[in-house]
Amino acid sequence: MNKNSRLHQKLKDAFEQLEMDFYPCFDWQFPPPNVKATMPTPVFEQRLSEVKNYSIYLHVPFCLSVCKFCYYSVSAAKENAPIRENYFNSLMREIKAYAKAIPANAKCESVYIGGGTPTAMGSKLTAIVNTLYEKFDLSECREFTVESSPNTLHREYLEELKLAGVNRVSYGVQTLDQEVLHGVNRHYDIKSIIEDLKILGNIIGNFNVDTMYDLPGETDWAIINTLETLTKYSPGITMYALDPIREKGSVAIQETAREAQRKFHTAKKYLTSSGYKQLFQNNFVREGGSYIHQIRRWDNLPVLAIGPSSQGYLPRFQYTNVNSIRQYVGREGDFSIEVQQELDLNLEIARELTTKLRFTGVNVDEFNKKYGFDLFSTFSEMIDVLIAGDQLEFSDGILKLTIAGERNNNIVPMLFSPDEITRELCQMKHPLAPVFGDFGQRQSSVYLRA
Ligand SMILES: C[S@@+](CC[C@H](N)C(=O)[O-])C[C@H]1O[C@@H](n2cnc3c(N)ncnc32)[C@H](O)[C@@H]1O
Ligand code: SF4
């Protein structure tokens, strides 16, 4: 067996072990934050004071009820529960601290208020939107999104949000199969969803719907039937595989990951033949829709993270906020960072390379210019093997995953990690360890000379 076929075999083995992790891309952070966790230091405020253009992610962790599958840090606290009021006040404190710490001429280019279900906050959400406009320079903000779910929208409310400056909504539908919805603790009827979709189209225009496949009891027919209806209304469609790894236990793992992939590809075929473009991985868009905030995030641009469990990034610095709502409202300082990591040049390069490879694609000339090295000669052997093995493709100056490579989106990018990460992964007995042993470490050590 020659070296390349030996490597192919090792990659195949790693793919087998890791393929459960198919498109669970919300909380991707590279390098993994547990690699080097430290307590907050003044470096964070220093980096904030240097920020130029940035995005904001703000977390609202409240929902009407908690879905059985959900792995976010959320609460179904009632509208008048004290924790909600405390949370709101705490959030205002953090917003003001960020506004004070960044330069006055820094521009915010996109805002994403996610959750949870921010629209479950009613007029408190409008107050948050107003405060963001008041405290930050949003004159060049191209996309201002709020997440939402059924039973939280009505015409006047959407008009109020639009007036405040919201120009995009991300609306969680998951499926239009009534029984499946009940089974995961989502109780509303399909008619009300269609009404919401109509007013979203009329009032906001730019919106996307989240759907999930592989939910218990959800047939192929239900997935296509759901998409058939949604494509009549929504300019953006996002598809998530039920992530059974972090899911809280009450939804049985129904299918193998291979089945999930088959479902995804059937759905993708349906969407692309219905006029949608696959923007990146699991996001599909037609005219009138956009995913600017997500693309900025995957392009490794600065994101200020406000609220619990949010992840932020500033050049050469990444951080994650405290996870629980109680910890958040009970914290002492204005910011809420729990884990932070300064990134040296190697880690910064690795972060950008792996994130772009995973989600969008690497413009090789731009990348080489930015970091002053030659990606193809640094990783020549590995890129050759991955292109020959139908995992990567290079065209029009962009290096990206092939369709076959997309299935291994959690693995292929990791091969470009520098030594300090691969060593950690090897110690964790990560399935990729045998592959790194072959050439990952030797090649990635070239980073150090970049
Ligand atoms: C933060 S939630 C907010 C959306 C909104 N609260 C809703 O559910 O209608 C964003 C999306 O994450 C997805 N999601 C949540 N838990 C998931 C899981 N365990 N596996 C896969 N996707 C999940 C759902 O599609 C959901 O719409
Ligand atoms: S999926 Fe959405 S509505 Fe359901 S618990 Fe999670 S954030 Fe809340």
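A: With one polar contact, meaning a pair of N or O atoms within 3.5 Å. Here a nitrogen atom of ligand 1 is 2.8 Å from a polar backbone atom of phenylalanine 69. The model is predicted: local features need pLDDT of at least 70, side-chain atom pairs count only at pLDDT 80 or more, and totals for chains, interfaces and linings use all residues. Residues are numbered from 1 along each chain as written, chains are lettered from A and ligands numbered from 1 in written order, and side-chain values use heavy atoms, without hydrogens and water.

Q: Which atom of ligand 1 lies 2.8 Å from a polar side-chain atom of aspartate 210?

A: An oxygen atom of ligand 1 does.

Q: How much of the accessible area of ligand 1 does the protein cover?

A: Accessible areas come from the Shrake-Rupley method with a 1.4 Å probe. Ligand 1 has 560 Å² on its own, and the protein covers 96% of that.

Q: How is the packing of two helices read?

A: Two packed helices are described by the angle between their axes and the distance between the axes. Axes are lines fitted to C-alpha atoms over the stretch in contact, and angles run from 0 to 180 degrees between N-to-C directions. Helices are DSSP runs (H or I, at least four residues) numbered from the N terminus. Helix H4 (residues 123-135) and helix H5 (residues 155-164) pack at about 10°, with axes 9 Å apart. H4 and H5 are therefore roughly parallel (angles under 35 degrees).

Technical notes
Helices (H or I, at least four residues) and strands (E, at least two) are DSSP runs, numbered from the N terminus. Angles under 35 degrees count as roughly parallel, over 145 as roughly antiparallel, 65 to 115 as roughly perpendicular and the rest as oblique. A polar contact is a pair of N or O atoms within 3.5 Å; within protein, one must be able to donate a hydrogen and the other to accept it, and residues adjacent in sequence count only if both atoms are side-chain atoms.
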